[in-house]
Amino acid sequence: MIYTITTNPAIDYILRFDKFEDGATIRAREDEKYPGGKGIMASKIIHNLGEKSINLGFVGGFIGEYIANAIKELGLGENFVRIKENSRINVKLKYDKETEINAKGPHISSKEVESFFESLRDVKKGDIIVISGSLPYSLDSDFYKKVIEKTKADFTIDIADKKLLEYLSYKPLLVKPNEEELGKIFQTEITDDNLVAYARKLNELGAQNVIVSLGAKGSIFVSGNEAYRARPIDGKLVNSVGAGDSMVGGFVYSCVNNYKKIDAYKLAVACGSATAFSPDIASKDMIDEILKKVEVEKIGN
C-alpha cells in the first residue's frame, strides 16, 4: 500500500487575473478551490494513474472537513487525524506572474500527535510512504524520523534544505531536490559540470534514487552507476503547483508496479510536465500524451 503524509494541508484557493495591480481592488477572472498539500498532490496523481493510496496527516474545523470531503469525492482514501484548530487556506494569485500566500497553519496538540502515530498501525514493511513538505510549527523537528522508525516502510522524502542529509542514512527510495535546493544542501553553487557529481553524493550517502529538477532545463536521474537526463518538454505553463509532487507520485506508482528504473524516471517526468501544463493535477490521458514526448539520454559522471 502507498501512504502519503500531509502534516499541514490546506484549501488551495486559486485566483486568476487578466491584470494584477498591487494596492487596488480588483476582481478575479476565475477562481478555483482544491484540497492542497504536497502529500495530497502525490496521492491525486497516483490515483489518476490507477493505484490506490491513503492520505495521512491532520485536518481541523470546517476547512479540514472540506479538505477531507473533497479528497473522498475524488476517490482517494484518507485516515486524517481530526484536530481542534482549523486547517489553513493558501491563496495562489495567477496573472503574468505567480504569487503564493501560504498561511501558518494550526497548532497540533501532543494528544493529536499521539493519535497520528496510532493511525500508522496498519503501515508495514514493504509499504511506501510519501513524505514531503515542511512541518507545522508545533511539531517536533524529528517528527518524520519517528514515522520512518516506527513503520520500517520504504519512503520517499522531499524537503527543501540541508536537513535532508539527516534522512539519507535511512536509505530513502527517492529524494527529489531541485537545482537550487541541491546547492543549499551542499552549500555550493551547482553548475552543469558538477550537477551529476552532487546528485551522486546523495546516492552515496544513502538515497537509492535521486531526481534533480532543473526547471526549464529538464531534470536528471541518478541511481547507482546510472545517470540520465530528460530534455524539457515544450508546453504552456498553466500551474506549477504540484508538478514536483507529481514527479514523486509517478515514480512511486512505477515502483509499486515494478517498472525498470529508466521507465520509472520517464513516467515521473511525464507526470510532472503534464501537471505543469494542467490547471490541477494531470489526468491519465494528459500523462499518456506527454509520456510519448519524453526523451531521455544517458549522461556521464
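Buried area is defined here as the accessible area (1.4 Å probe) that two parts lose on being put together, summed over both. The structure is a predicted model, in which local features require pLDDT of at least 70 and side-chain atom pairs count only at pLDDT 80 or more, whereas totals for chains, interfaces and linings use all residues. Residues are numbered from 1 along each chain as its sequence is written, and side-chain values rest on heavy atoms, with hydrogens and water left out.

The protein chain contains nine helices and 15 strands, where helices (H or I, at least four residues) and strands (E, at least two) are DSSP runs numbered from the N terminus. Its radius of gyration is 19 Å, close to the 19 Å given by the globule rule for 301 residues, so the chain is as compact as a globular protein of that length. The radius is taken over C-alpha atoms, and the rule is 2.2 Å times the number of residues to the power 0.38. Along the principal axes, the C-alpha trace spans about 50 × 50 × 40 Å.

An automatic or database domain assignment supplies the domain bounds: domain 1 covers 1–159 and domain 2 covers 175–300. Their centres, taken over C-alpha atoms, are separated by 22 Å. Contact (heavy atoms within 4.5 Å) involves 23 residues of domain 1 and 28 residues of domain 2. About 2,200 Å² is buried between the two domains, with carbon and sulfur atoms giving 63% of this area. On the domain 1 side, Met41, Ile45 and Leu49 lose the most area to domain 2, together 30% of what that side buries.

Salt bridges are assigned when a side-chain nitrogen of Lys or Arg lies within 4 Å of a carboxyl oxygen of Asp or Glu. By this rule the count comes to 24, and two salt bridges occur between domain 1 and domain 2. The side chains of lysine 44 and aspartate 280 meet in a salt bridge, with an N to O distance of 3.1 Å.

Elements that each supply at least two residues of the domain 1 side touching domain 2 include strand E2 (10–16), strand E3 (30–36) and helix H1 (38–49). H1 provides the largest share of that side, eight residues.
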